[in-house]
Amino acid sequence: MATSKVLGYLESRKNLAGGACGLLGLVLTFTGVAGPYWPVVVAGLYGAGALIAPPERPALPDFPDPSAQLDAVREDFAKLGGYLAGIDLPPALAARLTELTDLLAALLEPGWVAEALAQDPEGVHAVSRAVRQDVPEAVDTFVRTRWWTRLAPGTEPPERHLERQLGLLRQEAERLAAELGEAEARRQESHTRYLEDRGGNRDGGLSA
């Protein structure tokens, strides 16, 4: 470990900057400027160079990029589909759940939609949260609560809560899809303005 620290310092910016200033001190020594105090001059210049050198910048953590994160979310979405296939829901709730999962599947489908989603870290987080937390928790709490209401009838139907939860989750997914569509529309408009400006500049240059 001590050897690695020594090698690390030899390759550091501080040592390189100090060495460069130390060489300047040697030049001054050979030209006779430093005189008999050349060791002090060389050491002082080395120290000054090491002090003014910028600190070493630690390497950034190697986090997966959004595209790799989406691949992991797709795998979990497939697991979620297997789980939901074994859940017995009333037809109305099953239809609402299918609408939500179809929308999530469209957002995760490999292609230009997923590429647009990968450019939005908040969107990736929202889809990941829906797949890994919100949907399974909503369905699981419904299944458990329904069992208890059968033992104690007269309480508020759990179907009402699940319907509301699925509706809210679908609204979030639809809002995300709309934001991605708006971003693509702005991109198209920006390209149109760029071409218009480029054409105007070219016309101006030709007329000049």
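**Exercise 1. Sort the residues that line the largest pocket by class.**

Solution. The lining of the largest pocket holds 9 nonpolar, 1 polar and 6 charged residues, where Ala, Val, Leu, Ile, Met, Phe, Trp, Tyr, Cys and Pro count as nonpolar, Asp, Glu, Lys and Arg as charged, and the others, Gly among them, as polar. A pocket is an open set of points on a 1 Å grid over the protein atoms alone, where a 1.4 Å probe fits, with protein on both sides within 12 Å along at least five of seven lines, and its lining residues have an atom within 4 Å of a point.

This is a predicted model, in which local features need pLDDT of at least 70 and side-chain atom pairs count only at pLDDT 80 or more, while totals for chains, interfaces and linings use all residues. Residues are numbered from 1 along each chain as its sequence is written, and side-chain values use heavy atoms, with hydrogens and water left out.

**Exercise 2. Find which element gives the largest share of this lining.**

Solution. Helices are DSSP runs of H or I with at least four residues, numbered from the N terminus. The largest share, 7 residues, comes from α7. Of the 16 lining residues, A126, R129, E172, A173 and L176 lie nearest the centre of the pocket.

**Exercise 3. Decide whether S128 is buried or exposed.**

Solution. First, locate S128 in helix α7, which covers residues 121-151. Next, recall that buried means under 20% relative accessible area and exposed over 50%, with a 1.4 Å probe and protein chains only. The relative accessible area of S128 is 13%, so S128 is buried.

Notes: Helix = DSSP H or I, 4+ residues; strand = E, 2+ residues; numbered from the N terminus.
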